[in-house]
Amino acid sequence: MSSESTQPQGEIEVSDAAAEIERLKRRIASRERQHSVVAKMGELALSGAEPEFLIERAVSEVARVLDADLCKVLRCEPDGKSLLMIAGVGWNEGLVGSARVPADRGSQAGYTLESRTPVIVECLEEEVRFQGPDLLIDHGVVSGISCVIESGESHFGVLGVHTRRYRRFTSDDANFLVSVANMLSAALQARTARETIFNREQQFRTMANSIPQLAWMADQTGYIFWYNDRWYEYTGTTPEEMKGWGWRSVHRQDLVDEITLKFKSHIEAGEEWEDTFPLRSASGEFRWFLSRAKPIRDEKGRIVRWFGTNTDVNEQLEYEQALRESEEKLRIALESNRCGYFEYEIATGDLEWDQLLFDIWGVRDGELPTLELFYDGLHPDDREETREAIGRSFDPESGGRYHTIYRVANRINGEMRWIEASGQVFFDSGEPVKMIGMVTDITEKKLAEKAKDLLSSIVESSNDAIVSKDLESRIVSWNKGAEKIFGYTAEEAVGRRITLIIPDDRLEEEEEILRNLKAGRKIEHFETVRRTKDGRLIDISVTISPVRDSQGRITGASKVARDITEKKRLEETLQRAVAELKEADAKKNEFLAILGHELRNPLSALRGSVDIIDRGFGRPEDVAKIMQSSIETMSKLLDDLLDLSRVSQNRIVLDPKRVDLEEVLQAAAAAARSRYEDKRQNVLTAIAGPLIVRGDSTRLEQIFSNLLSNACRYTGEEKDIVVRALAKDGEVVVSVRDEGIGMDKAALEKIFDPFYQVKPDGHAVTGLGIGLALTKNLVELHGGRIEAFSDGPGKGSKFEVSLPALPAGEEAFVEPAAEPEIEIPPGMNVVLVEDNAEILTTSAMLLEGLGCKVATAATAAEGLRLIRELKPDAALVDLGLPDRSGYEIAETLRSEDYPNLLVAVSGYSHEEARDRSKEAGFDFHLAKPARTSEIAKILAAAGG
């Protein structure tokens, strides 16, 4: 049975099929519009558009594509209790930028924040999961979708779309909304990464100017366009001089061409460069440096610049040590944050990638992305962790969120990139069906983090104090070097003001530093003083550089300080030593001039005496006296010099006995008589005896003879010289007062220094300036002291000697026995060996006058021949012969068992010379000029 009004079954099926086709067309068209929006948003993000612009664009595009009445972006407020509408379309005027909704589960936005999937509302009035809020109710909202906008590890806010009419939003609509939210999330994270990279580069430049190495950067051709401050400080050059290849001027010219060739070859090959060579400092000194440079490449692997450092390895090379400081591995992060979009059909394994992912993985034209290709591109150490992250997102309990970081090796060029991936899994009846997400290339961020870690390592390992502070002078960072130099730990210093280490009298320095910093001026290293924890004041050299944020604003300062206390001490010591050397050199020159003058006077007398004898003038006995006086004067000069040398080496040996100082003073006055009689001076004595001391009578007479001679020299004619002596408080005190030129305070302080002399106005200086220095040392060897007094120039001087007194009854005085008359056996054979013709002639004449038979030789060879042939009773041998030394003659004769007397004659009389003579085999050592009486005494003893 049938009815005409009944539609045939076939027609119904055709109608349903047509409706389904029409629905599919609308869905395809809708998805194309959605994909188009996602693609446009991606292009904007890749072009570097700011997130705020993308958010404004997103609400407009989402509302348009989803045919919605209202769309908004809510941002989470810092208090966590509300969300602020920062962008929207369709809302009442004045709400965007001011409207807030609760962030708890009572609102759709708050519920969305806690939900792990997009929240779809079909009918707000019938909704049981949450209420309103009032904002939606007031605008007559019926249906809508909302999802979370992420920002790294936290929520940024919520993206929502609403209609005032009933609307059943589909899973495609929800996926589209999530894709847009992910795009906004990626843009927000990209800006954070860019700001991080900018801050890292600012820190890099600040720290590069603080590290001790010389650093530089060049373009891809090797043209150097930047040096750090250390380069200019070391080389003393200017940026203008160093442009491009100007660095060649500070190299050694015999090496620079070879270095340049090697450098250019590495630049052209794109290879890391390393070499060791000397560089000239600002002072002209060459020091060896280890130079290293690394290329910096862009995202396509092209070299865009080079970064290099020069490390001072001079000390290591000098001591042949193979130490090398670590190469600086700082790299400048590029301001590029790339994002990519993907879809993963879980059931079929199909992947949909945009072009960025193809480029990162190195997928060739015509290839399709697969799950196997995805995993193959991952670094082996990251594959398992990535599988686990994806697996966790497939669990509905996880909310379908996917987030991980891994490394990808490009299949074509092998370049390794760091990737941060995030996405959302969608479920159907609890089963995962699709994942939609974004990947962000964070390679530059990772490199920046690595550079930060390296910079931190450099800072912490530096021996210099590296400190940062804010503009209020509060300490922000404090490295190990600062702990070592100033004594405060980081815990004690951070948060306190930098005045912690500034002495009170230098606080104004900090005010000046802050003024310069706020003006953006770098403070070149200067030397100042700082206070340590234990209160010590130390000298430091400090460099201070301003630190800026990503907007270029100055936020603080970085300070590098080096303890130069020891350096300053050494500089001061060196300056004192140089001054002392200059003074000593001046004294030496003055002494040599005086010595020449003093020696020429007796030499002139001797020359005149010789001329008188030669011409037959005058009486021989008068000439002999003059010559004897001149010889004694020269001997006295030499004796004083030798005595001063012996005293300085602690080699004077006293022969202490009981001495009546009154007799010593009378002998000293007698020795000076001829000098003061010539000037008609009066020597007055006031001696209150007995004055008994224990000492060497010869040296005591030398002391007072020097004082009387000094008084006579500096006192005018017909003036008095007063000698007083008395026993007082267990001491014998002797003073010598004159009416001479006197001394000022400065002269009194130096009067006992060797070679120092007071220069009388209008008169030449006589003597060597060593008499008083020798006198002081001889007094002190006797356990006494000597002092000088004067009321000033022109008021005379007084020298006072104090010696320990000996009780009158102690150690009876024994009169020495008279020396027997010297008798030399007549006809005694003597060989005289001397290379000086005058001394040879005069000495031979004297020996013959004593009754000796003399044979002479002028060389060592002739002397040895005569001694071996004649076998004389005695041989007098000069030590300084032209062919062999006198020591060798004695050693040779004694090795031949020569038994007779050998006497060394030398201009050297110090202890080492006498010991050397004795070791060579000489029986006696005579110093030139030897007295005839000394020679006669030795020959008489040998003849007896």
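Asp505 counts as exposed because its relative accessibility is 58%, where exposed means over 50% relative accessible area, buried under 20% and partly exposed in between (1.4 Å probe, protein chains only). This is a predicted model, in which local features need pLDDT of at least 70, side-chain atom pairs count only at pLDDT 80 or more, and totals for chains, interfaces and linings use all residues. Residues are numbered from 1 along each chain as its sequence is written, and side-chain values use heavy atoms, with hydrogens and water left out.

Asp505 lies in the loop between helix H15 (490-493) and helix H16 (507-518). Helices (H or I, at least four residues) and strands (E, at least two) are DSSP runs, numbered from the N terminus.

Now to the strands. Strand S15 (residues 416-428) pairs with strand S14 (residues 401-409) in the antiparallel sense over 9 bridges; two strands pair if DSSP finds at least two bridges between them. Met416 in S15 stands opposite Ala409. The two strands S14 and S15 make a hairpin with 6 residues between them, and Gly414 in this turn has a positive phi of about 75°.

S15 also pairs in the antiparallel sense with strand S16 (residues 431-441), over 10 bridges. Here Asp441 in S16 is the bridge partner of Ile419. S15 and S16 form a hairpin with 2 residues between them, and Ser429 in the turn has a positive phi of about 55°.

Helix H23 (residues 771-781) has the buried residues Leu772, Ala773, Leu774, Thr775, Leu778 and Val779. After H23 comes Gly783, with a positive phi near 80°.
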